[in-house]
Amino acid sequence: MRQSVFWNRVNRVLLYLGIAVLFILVVFPFYWMIVTSLQPQDAVFSVPPQLWPKHMTFQNYIDAWNSAPWLRYFGNTLFVAVAATLISLATSSLAAFAFACIDFRGKEVLFNLVLSVMMIPAATTLIPNFLIIRTLGWYDKFYALIIPFAASVFGIFLLRQYFMSMPKELWEAAQIDGASRLRYFRSIALPLAKPAIVTIAINSFLGSWTSFLWPTVMTQSQNKQLIEVALNAFLGEKGQQWSQLAAASVFTTIPIVILFFFVQRQFIEGIGGGGIKG
Amino acid sequence: MDNKVTPARRKQVIRDNVAGWLFTFPSTLVLFAFTFLPAFIVVGLSLFDTNLVGQSDFVGLGNFRQMLTSGDFWGSVLRTLYFTLGSVPVAVAVSLLIAVLLNAKVRGRTFWRMGFFIPYITPLVATSIIWLYIFNPDYGMLNAALHFLGLPVSRWLTDTVSAMPAMILYSTWHDIGFAVIIFMAALSKVPTELLEAAQIDGASGWKTFWHVTWPMISPSTYFVVIIYTISAFKMFTQVAVLTQGGPVDATTTTGYYLYQQAFGQMHFGYASAVSIGLFVIIFLLTVLQRRVTGRKVFYG
C-alpha cells in the first residue's frame with residue numbers, strides 16, 4: 001500500500017514534468033520574440049544566443065514604430081475587422097432566425113444551398129473573386145475586405161441551432177403580449193443566443209485581423225494595408241534586423257492576445273463543442 | 001384540423017414568406033456573389049488562356065491537359081502530401097499526448113491549456129518572423145540548442161532537403177492547439193466507468209488506452225486528420241513568409257503554386273484549372289475520409 005502511494009507520487013511528478021517540458025517548448029518562441037525585441041540589434045547575431053538580454057532597450061520598439069505608418073495599419077485593420085464582424089452578425093442572425101422560426105417557401109432548399117458553401121474552399125474561388133472585385137470597382141478599396149465577409153455560414157448554422165432550441169412557448173407568449181416578429185427577434189431571441197453571438201464575433205474578428213492572402217490580392221496602395229500584410233512588407237524591408245522585426249511582431253500580435261485572454265473560455269469551448277470544463 | 005384557408009391565415013402565410021425571404025436575402029446575396037458565382041466563373045476561366053487584362057483565348061480543356069502533364073503541378077501535390085504525412089501524424093500524436101496529460105486531473109489546467117492553444121490564434125506572419133530567426137542556420141536558436149545537446153545542426157529553410165521539415169515543424173507548432181482542444185473534449189466524454197472496469201479487469205494503463213480510449217475518441221482523430229489534411233492543401237501564408245516556395249521549389253505546395261501561377265505569372269486561366277484540381281483533391285479527401293470513418297469509427 002505504501003509502495004503504491006510512493007509510485008503515485010512519482011507518477012504525479014512525472015506528469016507535471018512532462019506537461020512543463022511540452023509547455024516550455026510550445027511557449028518558448030513567444031519568450032524568444034519578446035527577448036529579441038528587447039535586445040540591441042548587435043546582440044541578435046551572438047553565438048550562442050543569449051537566453052536573457054544583457055542590455056535591455058525599448059529602442060527597437062521606437063525604431064520599428066517610426067519606420068512605418070503602423071497607426072494607420074492598426075486603424076485599417078480595426079475598421080475592417082469591426083465592420084465585417086458587425087455586418088456578418090446582423091446578416092447571419094437574421095437568416096438564422098428565418099431558417100429556425102419562420103415557415104417560408106423554399107426554406108429547405110435554400111438552407112441546403114447555404115450549407116453547401118462549406119464544400120467550396122476559398123482557395124478555389126480566389127481568382128474569380130479577384131475578377132469580381134475588379135469588375136465591381138472594389139479593387140484596392142475597403143469594400144473588398146469587408147463585403148465578401150459579410151455573411152457567415154458557420155454563423156447561420158450555429159445561431160439556427162440556438163434559435164431552434166428555444167421553446168415555442170416563448171414566441172407564443174410574446175405574440176400574446178402583442179410583440180411583432182422583429183421585436184421578438186430583437187428583445188428575446190437575440191439576447192438568449194449571446195454565447196453563440198460571442199463565438200461568431202470572435203471568429204469573424206480574428207479572421208479579419210489575421211487575414212493575409214485575401215488583402216494581399218485585393219489591395220495595393222499603402223494606405224489600404226492590413227496589419228499582417230504590412231508586417232510582411234516590413235520583413236522584406238528590414239531583412240535581418242531581428243530586434244526591430246521582433247518588436248513589430250510583438251506589437252502587432254498583442255491586441256489579438258489581449259482579446260484572447262478575455263474570451264478564451266468562450267472561444268475554446270466553441271471549438272471543443274462545449275465539452276470541456278476549465 | 002381546420003383546412004379552410006381564412007383570409008387571416010392567408011395573410012399570415014404571405015407575411016411569413018415575405019419575412020423569410022427578406023431575412024435570408026442579405027446572407028444569400030453575399031454567399032451567392034462571393035462563393036457560388038465564383039465557383040461557376042472559375043470553371044469558365046479554366047477554359048481560357050487569359051491574363052484577365054487584355055489577352056484571352058479559348059483553349060478548351062488545354063489548361064487541364066497542361067496541368068495533368070506538368071511536373072511542377074504534380075511536384076506541388078507530392079510536396080503537399082509530404083507536408084501532410086510529415087505533419088499530421090506528429091500533430092495527432094503530440095496533441096493527444098498533451099490532451100491525455102492535461103486530462104489527468106492536473107492543477108492549473110486552464111493555464112496550461114491556454115499556453116498550448118495560444119500559437120493557434122496568433123497571426124501566421126508575426127510568428128513566422130520569429131521562427132525565421134530561430135531557424136537561422138548561422139546564429140539561430142534551433143541550431144544553438146541542437147549543438148548544445150550534441151546533435152547535428154542543419155541549414156533548415158535555406159536547404160532544399162531540410163526546408164520542408166522546417167516548414168512542418170513551424171506549422172505543427174502553430175496549429176497543434178486546435179487538436180489539443182478537440183482531443184481534450186473527446187477525452188472528457190469517455191465514460192469513466194469504462195476505464196474503471198478495464199482497470200478492475202487488470203488492464204495496464206497502456207492497454208486501457210489502446211483498447212478503450214483510442215477507439216472511443218476515433219471520431220475526433222478522424223476529424224483532426226481531415227481538417228489538418230485539408231488545411232495543408234490550402235496552406236499559403238507560412239510559405240509566403242518563410243520561404244516564398246523555395247529554395248528552388250522545395251516548399252512550393254499546391255496552395256502556393258496556385259498563387260504563383262495566378263498572381264505571379266498572370267496565368268489566370270491555367271491557375272483556374274489548378275483551383276479546380278485543388279477543389280477535386282479536397283473533395284475526394286473529404287469523401288474518402290468520411291467513408292473510412294463510416295466503417296471503422298465508434299460513434300457514441
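1. Residues 109-130 of chain A are 77% helix and 0% strand, with end C-alpha atoms 29 Å apart. Helices here are DSSP runs (H or I, at least four residues) and strands likewise (E, at least two), numbered from the N terminus. The span 184-206 of chain A is 96% helix and 0% strand, and its end C-alpha atoms lie 30 Å apart. Both ranges are among those that the unreviewed UniProt entry annotates as "transmembrane region" in chain A; such annotations may be inferred rather than shown by experiment.

2. This is a predicted model, in which local features need pLDDT of at least 70, side-chain atom pairs count only at pLDDT 80 or more, and totals for chains, interfaces and linings use all residues. Residues are numbered from 1 along each chain as its sequence is written, while chains are lettered from A and ligands numbered from 1 in the order in which they are written.

3. Chain B has 13 helices and two strands. Its C-alpha trace spans about 75 × 65 × 35 Å along the principal axes.

4. The contact between the chains takes 74 residues from chain A and 76 residues from chain B; two residues are in contact if their C-beta atoms, placed from the backbone, lie within 7 Å. Helix 1 (residues 7-45) of chain B gives the largest share of the chain B side, 21 residues. That side divides into 57 nonpolar, 15 polar and four charged residues. Nonpolar means Ala, Val, Leu, Ile, Met, Phe, Trp, Tyr, Cys and Pro, charged means Asp, Glu, Lys and Arg, and the others, Gly among them, are polar.

5. Helix 5 (residues 124-135) of chain B is largely enclosed by the rest of the structure, because 12 of its 12 residues are buried. Buried means 20 or more other C-beta atoms within 10 Å of the residue's own, all placed from the backbone. Among the buried residues of helix 5 are B:Trp131 and B:Phe135.

6. Helix 12 (residues 254-264) of chain B has nine of its 11 residues buried, including B:Tyr257, B:Leu258 and B:Gln261. Just after helix 12, B:Met266 takes a positive phi of about 60°.
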